[in-house]
Amino acid sequence: MSNPTAILKVVAVQGKRLVIRDFKTSDPYIKFKLGDQIAKTKVINSCLNPVWNEELTFSLTDSVGTLYLEVFDKDRFKADDKMGCAHVNIQPLVSAARLKQILKVSSGETTLRKMIPDSDNCLVRESCINCVNGEIVQELWLRLSGVESGEIELKLKLENPYPGPLSG
């Protein structure tokens, strides 16, 4: 694995209309995967519209990829049940960081890129990548696949702890 070029902070904000996997409800948590890095949110008991507001941190390297997520229902005595999955490409966030450096944007709020829902992503609606007081931020809603319903709200923040442009 090459040296980290940036830090990706993922805030799992909330879920909406998640599927029932227990008798009348579910105990959801999210498992994230970026390359060989894995992180999980806490379990929210008996809730189909959970609010996590939990921040998870990943190191980005030159080979920027896709952030995958799977939602599970925590079970005590058997394997956790799948409640859907989604993914988001991190490359547009990295490209926006490069654009920020080229434009020398550092204060206020500037939209650097707009992402629209299409067959290559899981976006529910349009999502903007913004520079907010020097930070690259994207707020987005992802539709869960493989299940009859469910959406997850995320907030992505890209932090570049190293001087100079991001490579990749």
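This report covers the fold, dimensions, core and charges of a predicted model.

## Basis

Local features need pLDDT of at least 70 and side-chain atom pairs count only at pLDDT 80 or more, while totals for chains, interfaces and linings use all residues. Numbering starts from 1 along each chain as its sequence is written, and side-chain values use heavy atoms, without hydrogens and water.

## Fold and dimensions

The protein chain has 10 strands and one helix, in the sequence order β-β-β-β-β-β-α-β-β-β-β. Helices (H or I, at least four residues) and strands (E, at least two) are DSSP runs.

The C-alpha trace spans about 55 × 35 × 25 Å along its principal axes.

## Burial and core

Of the 168 residues, 46% count as buried, meaning under 20% relative accessible area with a 1.4 Å probe, protein chains only.

The largest nonpolar core has 44 residues, of which F32, L69 and I90 touch the most other members. Such a core is a set of buried Ala, Val, Leu, Ile, Met, Phe, Trp, Tyr and Cys residues joined through side-chain atoms within 4.5 Å.

## Charges

The 22 positive charges (Lys and Arg) and 21 negative charges (Asp and Glu) exclude His and the chain ends. Their mean positions are 1 Å apart, with places taken as NZ of Lys, CZ of Arg, CG of Asp or CD of Glu.

Conventions
Buried < 20%, exposed > 50% of the residue type's maximum accessible area, 1.4 Å probe, protein only.
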